[in-house]
Amino acid sequence: PAENAPEETLPHPEQHKEEESEEEEATEDISGFSVSEILHKLEEIVNKTDAGALAKKFSHLRQEAVHQISDETEEKKKEYLAEGNSEENFHWEHPLLAKLSGLTNIFKEKLENFHKKLEEEQQANKVKRLEIIEKLKNLYTNSTTDTNLFREIRKIKEEWASAGQVA
C-alpha cells in the first residue's frame with residue numbers, strides 16, 4: 001500500500017487552484033507601490049519554497065520595479081541637465097538596482113531548478129505510465145479464466161490516474 005502511494009511532488013488540483021489564484025494576483029495594481037515595497041514583495045517570492053511556480057507574478061513585479069527605476073533615473077537625468085551639466089557626464093545608479101539584480105539572479109536559479117525538478121518528475125511519471133501500459137498489455141494477452149478483468153482494469157486505471165503529469 002505505501003509503495004503504491006503516489007509521490008507528493010507535483011501539485012494536486014487543489015494546489016493548482018491556489019497557484020492560479022496567486023498567479024491572478026500578478027495582475028494586481030501595484031502602481032502605487034514604491035520600488036522598495038515591490039522589492040519586498042519580490043523578496044517574499046524568492047524566499048518561498050515554490051518560487052518557481054510564481055514566475056508570472058515575479059515577472060510582473062520585476063517589470064514594475066524596472067519601470068519605476070527607469071523613471072527615477074530619467075528624472076535625475078533631467079535635474080542634472082537642468083543644472084547646466086552635459087549629458088555624457090551623467091551617471092546615476094538607483095540605490096535599489098543592485099538588490100533588484102540580486103533578487104532576479106536568485107529567482108532565475110530557483111526557476112531553473114523548479115523546471116529541472118518538474119522535468120525529472122515528468123520523466124519518472126512517463127516511466128510509470130509506460131509500465132502501466134505494459135501491465136495492461138499483459139493483462140490482455142496473459143489473462144486466465146479466473147482473472148477478474150474488471151477489477152484488474154480498475155486497479156490499472158487507478159494507477160494511471162495516480163501516475164502524475166507527463167510532459
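Start by selecting α2 and α3: α2 passes α3 in a left-handed crossing, where left-handed means that the near helix is turned anticlockwise from the far one by less than a right angle, and right-handed that it is turned clockwise. Helices here are DSSP runs of H or I with at least four residues, strands are runs of E with at least two, and both are numbered from the N terminus.

Before going on, a word on what is on screen. This is a predicted model, in which local features need pLDDT of at least 70 and side-chain atom pairs count only at pLDDT 80 or more, while totals for chains, interfaces and linings use all residues. Residues are numbered from 1 along each chain as its sequence is written, and side-chain values use heavy atoms, with hydrogens and water left out.

**The α2 and α3 pair**

Keep α2 (residues 35-46) and α3 in view: they pack at an angle of about 155°, and their axes are 9 Å apart. That makes α2 roughly antiparallel to α3. Axes are lines fitted to C-alpha atoms, for helices over the stretch in contact, with angles running from 0 to 180 degrees between N-to-C directions. Angles under 35 degrees count as roughly parallel, over 145 as roughly antiparallel, 65 to 115 as roughly perpendicular and the rest as oblique.

Now show side chains. From α2, pick Val35, Ile38, Lys41, Leu42, Ile45 and Val46; they meet Lys57, Phe58, Leu61, Arg62, Glu64, Ala65, Gln68, Ile69 and Glu72 of α3. Contact means heavy atoms within 4.5 Å.

**Along α3**

Colour its buried residues, which are Lys57, Phe58, Leu61, Glu64, Ala65, Gln68, Ile69 and Lys77. Buried means under 20% relative accessible area, exposed over 50%, and partly exposed in between, using a 1.4 Å probe and protein chains only. Then step past the end of the helix to Gly84, which follows α3 and has a positive phi, near 95°.

**Over to α4**

To see where they touch, select Leu39, Leu42, Glu43, Ile45 and Val46 in α2, which meet Lys99, Leu100, Leu103, Ile106, Phe107 and Lys110 in α4.

Stay in α4 and click on Thr104, which sits in that helix. Is Thr104 buried or exposed? Thr104 counts as buried, because its relative accessibility is 7%. Beyond its neighbours within four places in sequence, Thr104 is in contact with Phe58 and Arg62.

**A stop in the loop**

Move to Thr49, in the loop between α2 and α3. With 86% relative accessibility, Thr49 counts as exposed.

**The α4 and α5 pair**

Now select residues 97-142 for α4 and residues 149-162 for α5; this pair packs at an angle of about 170°, with axes 10 Å apart. That makes α4 roughly antiparallel to α5. The contact is made by Arg129, Ile132, Ile133, Lys135, Leu136 and Leu139 of α4 together with Leu149, Glu152, Ile153, Ile156, Glu159 and Trp160 of α5.

Zoom in on Trp160 in α5. At 35% relative accessibility, Trp160 counts as partly exposed. Leaving aside neighbours within four places in sequence, Trp160 is in contact with Arg129, Ile132 and Ile133. Trp160 and Glu131 are 29 residues apart in sequence, and their C-alpha atoms lie 9.8 Å apart.

**Zoom out**

Finally, show the whole chain. How many helices does the chain have? There are five helices and zero strands, in the order α-α-α-α-α along the sequence. Of the 167 residues in the chain, 22% are buried. Among contacts with a separation of 6 or more, 72% are between residues 24 or more positions apart.
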